[in-house]
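The notes follow in the order I took them.

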Amino acid sequence: MSLAKPAMRGLLGKRLRFHLPIAFTLSLVAAAAFKFTVTEPRKQAYADFYKQYDAVKEFNAMKEAGIFESVRPSGE
Amino acid sequence: MLLRCLTAGRVGSLLARRATAALSTSSARMASHSHEVSESIDMSQPMYWDRLDTPLPDRPYKDVLTAADKSLKQKEKGPWTQLTKEEKIALYRLMFCQTYPEMKQPTAEWKTVMGGIFIFIGITGLVVLWQTYYVYPAHPRTFDKEWQAQQVKRMLDMRINPVEGFSAKWDYEKGQWK
């Protein structure tokens with residue numbers, strides 16, 4: 001009826017040695033995943049949008065739609 | 001097997017923290033009632049409890065000992081290596097009612113809790129349903145379908161979020177959603 005003496009010391013150290021590498025690895029993985037699934041595609045989307053962007057054409061389209069207060073559509 | 005060891009003590013242990021709490025003693029209650037419905041605990045005496053977080057109660061479980069128990073307690077004063085396994089267990093049971101594994105046995109309380117939660121959420125749902133018909137005022141005009149459609153058209157005209165968001169999903173050449 002005699003059990004082995006349980007570990008009395010070094011409990012925090014043991015826990016940290018186990019959990020800290022995992023924590024750092026998972027954090028880096030999360031950051032990398034976010035970078036490559038969100039920020040890089042977003043940067044590319046903006047680059048593609050502005051490659052073919054004609055500001056004057058867009059302005060005229062918006063003007064004709066009548067949303068501006070300083071310049072009205074050409075009909076009025 | 002579930003040992004019921006002073007379940008009143010379980011409630012009483014919550015009050016045991018307030019050591020100076022003056023609760024009515026049984027004698028005062030007896031004066032106002034002709035008979036006692038439930039037994040009240042004398043909070044001025046040391047109490048026994050089975051609690052996971054407070055291991056050592058104020059008194060042993062069994063304080064009135066038979067002659068056999070007393071002789072066992074005498075033997076306990078000597079070297080413990082001379083105690084047999086059964087005697088050690090008997091001494092434990094004199095001091096404590098339940099062991100930790102017995103205390104940790106799962107109860108069916110969660111079913112009551114979940115059932116109560118769902119019942120009250122259901123009653124709340126009925127109350128909210130009644131409110132939508134009898135309490136709430138009419139919708140503002142901004143909730144009408146026509147108003148919402150005009151809103152969407154204005155957002156597209158203003159080119160809201162044209163890169164990745166709202167207007168990016170509208171095909172301006174064809175005049176339809178992509």
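I looked first at the contact between the chains in this predicted model. Chain A brings 11 residues to the contact and chain B brings eight residues. For the area buried between chain A and chain B I have about 940 Å². Carbon and sulfur atoms give 66% of that area.

I then checked the interface of chain A and chain B for salt bridges and noted two. I looked up the pair Arg159(B) and Glu58(A): their side chains form a salt bridge, at 2.8 Å from N to O.

Next I turned to a helix pair within chain B. Helix α3 (residues 67–76) of chain B packs against helix α4 (residues 85–95) of chain B at an angle of about 110°, and their axes lie 11 Å apart. The crossing of α3(B) past α4(B) is left-handed.

I listed the residues in this contact. From α3(B) they are Asp69(B), Leu72(B), Lys73(B), Lys75(B) and Glu76(B). From α4(B) they are Glu87(B), Ala90(B), Leu91(B), Leu94(B) and Met95(B). Sorted by class, the contact of α3(B) with α4(B) has five nonpolar, five charged and no polar residues.

Technical notes:
Residues numbered from 1 in each chain as written. Chains lettered and ligands numbered in written order. Predicted model: local features only at pLDDT ≥ 70, side-chain atom pairs only at ≥ 80, totals over all residues. Heavy atoms only, no water. Axes fitted to C-alpha atoms, helices over the stretch in contact; angles between N-to-C directions. Helix = DSSP H or I, 4+ residues; strand = E, 2+ residues; numbered from the N terminus. Left-handed = near helix turned anticlockwise from the far one by under 90°. Contact = heavy atoms within 4.5 Å. Nonpolar A, V, L, I, M, F, W, Y, C, P; charged D, E, K, R; others polar. Buried area = accessible area lost by both parts, 1.4 Å probe. Salt bridge = Lys/Arg side-chain N within 4 Å of Asp/Glu carboxyl O.
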